[in-house]
Amino acid sequence: MNPRVKSVQASDDYSLMLEFTDGSQGVYDCKPLLDFGVFKELSDRQYFKRAAVVDGTVVWPHEQDICPDTLYLDSVKLANAS
């Protein structure tokens with residue numbers, strides 16, 4: 001099983017800054033989702049910034065979510081600061 005999301009920060013450019021339960025960090029680009037079904041609402045920046053972590057994944061108030069495995073596997077990993 002892949003690590004789950006520990007914390008999220010939504011950016012103005014529709015990316016998510018993620019910290020995972022294994023201590024790694026990554027950036028997930030949500031722009032490709034903005035024209036897709038239930039994710040269209042995320043194109044409203046104020047709404048997008050309401051991203052939160054629930055049960056190890058990222059969710060928004062109107063029940064949009066992104067699979068935690070997708071977030072982990074498809075995020076661009078950041079080098080850990082030592």
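S15 stands opposite D29 in strand 3 of this predicted model. S15 itself belongs to strand 2, residues 15–20. Strands here are DSSP E runs of at least two residues, helices are H or I runs of at least four, and both are numbered from the N terminus. Strand 2 and strand 3 (residues 25–29) run antiparallel and are joined by five bridges. Two strands count as paired if DSSP finds at least two bridges between them. Residues are numbered from 1 along each chain as its sequence is written, and side-chain values use heavy atoms, with hydrogens and water left out. Local features need pLDDT of at least 70 and side-chain atom pairs count only at pLDDT 80 or more, while totals for chains, interfaces and linings use all residues.

S15 is buried, at a relative accessible area of 6%. Buried means under 20% relative accessible area, exposed means over 50%, and partly exposed lies in between (1.4 Å probe, protein chains only). The S15 side chain makes a polar contact with the side chain of D13, at 2.6 Å. Such a contact is a pair of N or O atoms within 3.5 Å; within protein, one must be able to donate a hydrogen and the other to accept it, and residues adjacent in sequence count only if both atoms are side-chain atoms. Leaving aside residues up to four places away in sequence, S15 touches Q9, A10, V27, Y28, D29, C30 and F48. Contact here means heavy atoms within 4.5 Å.

The sheet is open and has four strands in the order 1-2-3-7, with antiparallel pairing. Strand 1 and strand 7 (76–78) stand at the edges with a single partner strand each, so one side of each lacks a neighbour in the sheet. From one strand to the next, the twist averages 25°. Axes are lines fitted to C-alpha atoms, for helices over the stretch in contact, and angles run from 0 to 180 degrees between N-to-C directions.

Aromatic rings were examined next. Rings of Phe, Tyr and Trp (its six-membered ring) pair if their centres lie within 6.5 Å; planes under 30 degrees apart count as stacked, over 60 as edge-to-face and the rest as tilted. The count comes to three aromatic pairs. Y14 and F48 form an edge-to-face pair, 5.3 Å centre to centre with 65° between the planes. Y14 lies in the loop between strand 1 (5–10) and strand 2, and F48 in helix 1 (residues 45–48), so this pair ties together parts 34 residues apart in sequence. Y14 is buried at 10% relative accessible area. F48 is also buried, at 0%. Y14, F48 and W60 form one aromatic cluster.

F20 and Y72 have ring centres 5.0 Å apart and planes at 90°, so they too are edge-to-face. F20 lies in strand 2 and Y72 in helix 2 (residues 68–74), so the pair links parts 52 residues apart in sequence. F20 is buried at 1%, and Y72 is buried at 17%. The charged end of K77 sits over the Y72 ring, 4.5 Å from its centre. This requires NZ of Lys or CZ of Arg within 6 Å of the ring centre and within 35 degrees of the ring normal.

Backbone angles were also examined. Most residues other than glycine have a negative phi. Y14, though not a glycine, has a positive phi of about 65°. E63 is not a glycine either, yet has a positive phi of about 75°. E63 is found in the loop between strand 5 (57–59) and strand 6 (65–66). At 73% relative accessibility, E63 is exposed.
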